[in-house]
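Colleague: Could we go through this model together? I would like to begin with the charged side chains.

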Amino acid sequence: MKKIYLLFLSMISIFIMSCGGHFFNPKYYYSNRNSSSGDNTINIPDAEVPPEVSADEDPFKVNSDYNKPDYGGYEASRFDKWLFKSSFQNNKLPVYQFFEDPSRYWTPGGSDWNKISANFYKANDGENSASGFPISAMSVYKYDGANPLYDNKGYLPGRMDRFRFYSIYGKTGGGIVTLQQYLIAVDTYSKFVFAFGRITDVTSIFGDKVPMQFEAIEYYGNKIHFYEYDPIGYVDISGDVIFYQHYIEQFVANPTGYLPKQKGYENYAEHDPYKPGKSPYFPLNDNTEASADDQQKYKDDIKTYLGNYQYRDYSGYKPSGTSEMNLTDWRNGGYVGKSLILYTYQFTTEDQLVVQEKKFGEVISSTAKTYNLKMINTSYKATYVNASDPSDTISISIVQDDNGVNTIAISGKVLNKNFKDNGAIFTDRVKEATFINEKEHEFNFIDCTYVESGTETFKAGSVIFKFNNDGSEFTMTLNGREYKFVLGRFDNDDTQNFTAVYKCTTMSGAFGSYARVSLIDGDGYNNIVISQTLGWISAPITADDFESVRQ
């Protein structure tokens with residue numbers, strides 16, 4: 001009996017989905033909306049009709065590539081034929097894929113388990129899975145131009161026409177677990193993927209949190225339309241749903257509490273996993289003042305966040321345990337140099353912000369810039385202008401961080417009052433640098449050596465470390481002999497950004513090919529050492545016999 005309980009719990013924990021994908025408690029719903037399929041069992045309150053927007057300020061009507069049905073290299077009409085797969089990994093992260101199968105198609109005139117009108121098709125048993133367990137008796141639902149969780153009167157006419165919403169109903173765990181989840185919304189023009197639902201209540205079953213209620217995302221967070229939040233990913237031309245890293249990390253860290261965000265990005269999101277951004281349907285109202293009530297709300301709320309903040313971009317720091325990191329993905333991420341600047345933000349009043357930048361390795365900071373409040377755009381966002389340069393503006397938004405804590409974001413930088421500065425990441429400290437030994441070294445190599453065993457003298461200037469332009473590779477020269485190294489992993493302790501592990505590609509020792517490289521001066525910048533042996537990937541520092549100084 002105990003094994004059955006364990007299996008049940010294992011399966012329950014799998015199905016805590018993002019984007020409004022949840023378990024549902026039928027007792028929660030009651031009739032409130034008409035449908036061609038009969039009475040619904042889901043409560044969808046009447047929504048307020050939004051005010052009209054002029055064509056030049058309507059993000060759905062401006063002349064933008066995102067408003068073209070062929071954006072992304074393929075036509076929006078492909079979603080009329082594409083079917084939809086949905087599987088789930090051990091960490092609960094979904095894997096979505098659109099695909100075409102001539103033997104199957106969307107059947108119109110159906111309804112989901114809540115009697116909401118939808119197109120549907122029957123998935124093949126085992127075609128979708130959850131943590132390796134097949135999902136059977138599965139129906140996939142598609143809602144064309146209608147949010148199944150929200151009153152469409154709450155959107156301006158025509159806006160929903162381009163959107164498709166998806167959900168699934170099935171059994172898994174040998175039929176023990178019923179899986180019924182609303183999943184994602186896709187804009188068929190821009191091909192961006194959005195979250196549209198929110199878990200509103202959970203129950204605990206043998207210690208596992210199980211979502212019991214859900215509602216439209218419009219009622220939570222900033223209480224804006226789902227498409228105004230930052231996209232969580234996009235559908236590429238192959239039909240794969242590609243998630244941005246910020247969504248993956250936030251969701252895996254807190255599946256039952258996930259809530260989409262506006263991080264305050266200055267740029268629009270792109271079809272590139274390493275280029276997240278704001279939604280192209282973010283209101284074009286940065287030059288429009290909020291209502292008097294919303295202005296007052298912003299002024300009242302922003303007072304909570306006055307004080308000093310610091311920020312350093314640590315997106316390039318990727319701990320990988322004792323495994324070798326994916327260097328290709330890291331290079332494609334465009335992280336080079338991002339951690340070099342320490343930003344200090346000082347809110348003196350709700351009307352004024354002082355910004356100072358300091359580059360790692362330099363003693364003198366740049367001149368501080370003062371920004372004054374220019375305009376309050378919404379109840380949670382305002383624009384500030386540089387007192388010395390009217391063309392230089394920044395946006396300040398009241399947001400939630402990855403842990404769901406309210407804070408502020410400055411032009412996409414989400415700030416943390418408890419931020420701890422550990423300096424630049426290792427690759428930024430060493431990129432394009434050359435280190436040369438200033439003293440003579442005499443060392444007796446034993447076992448897994450870079451050179452033949454025995455004592456060898458390294459005269460001043462004969463030990464050279466030369467790093468490439470992103471710090472991910474270096475050449476070590478010993479008395480004229482060259483050895484090539486590539487980044488294996490960062491130190492998993494983010495307080496030790498002065499050290500990293502590199503793999504030798506030109507020879508191997510008795511215990512492996514890795515060596516730990518460290519910067520050992522006061523600020524971890526000028527003096528470099530390497531462990532004397534080639535060993536395992538978690539090799540400790542064993543000596544400083546190759547100490548060299550930055551030139």
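Modeller: A definition comes first: a salt bridge is a side-chain nitrogen of Lys or Arg within 4 Å of a carboxyl oxygen of Asp or Glu. The model is a predicted one, in which local features need pLDDT of at least 70 and side-chain atom pairs count only at pLDDT 80 or more, while totals for chains, interfaces and linings use all residues. Residues are numbered from 1 along each chain as its sequence is written, and side-chain values use heavy atoms, with hydrogens and water left out.

Colleague: How many salt bridges does the structure hold?

Modeller: The count is 16. In one of them, R164 meets D144 through their side chains, at 3.3 Å from N to O. This pair links distant parts of the chain, as R164 belongs to strand β7 (residues 163-172) and D144 to strand β6 (residues 133-144), 20 residues apart. Helices (H or I, at least four residues) and strands (E, at least two) are DSSP runs, numbered from the N terminus.

Colleague: Which residues are linked with D144 and R164 in a network?

Modeller: D80 and K142 join D144 and R164 in a network of salt bridges. Within it, the side chains of K142 and D144 meet at 2.8 Å, N to O.

Colleague: Is R164 buried or exposed?

Modeller: R164 counts as buried, because its relative accessibility is 12%; the class covers values under 20% relative accessible area, with exposed over 50% and partly exposed in between (1.4 Å probe, protein chains only). K142 is buried as well, at 2%, whereas D144 is partly exposed at 36%.

Colleague: Where does K278 lie?

Modeller: K278 is in the loop between α3 (245-253) and α4. This lysine is buried, with a relative accessible area of 14%. Leaving aside neighbours within four places in sequence, its contacts (heavy atoms within 4.5 Å) include D230, Y265 and E266.

Colleague: And the nonpolar side: which residues have the most contacts inside the largest core?

Modeller: They are F226, Y227 and Y345, in a core of 55 residues. A nonpolar core is a set of buried Ala, Val, Leu, Ile, Met, Phe, Trp, Tyr and Cys residues joined through side-chain atoms within 4.5 Å. Strand β15 (residues 341-349) gives the most to this core, with 4 residues. A second, separate core has 32 residues, including Y96 and L179.

Colleague: What does F226 touch?

Modeller: Not counting residues up to four places away in sequence, F226 touches several residues, among them Y155, M160, F163 and F196.

Colleague: Finally, how many helices and strands are there in the protein?

Modeller: The protein has 6 helices and 31 strands. Of its 551 residues, 52% count as buried. Among contacts between residues at least 6 apart in sequence, 60% join residues at least 24 apart.
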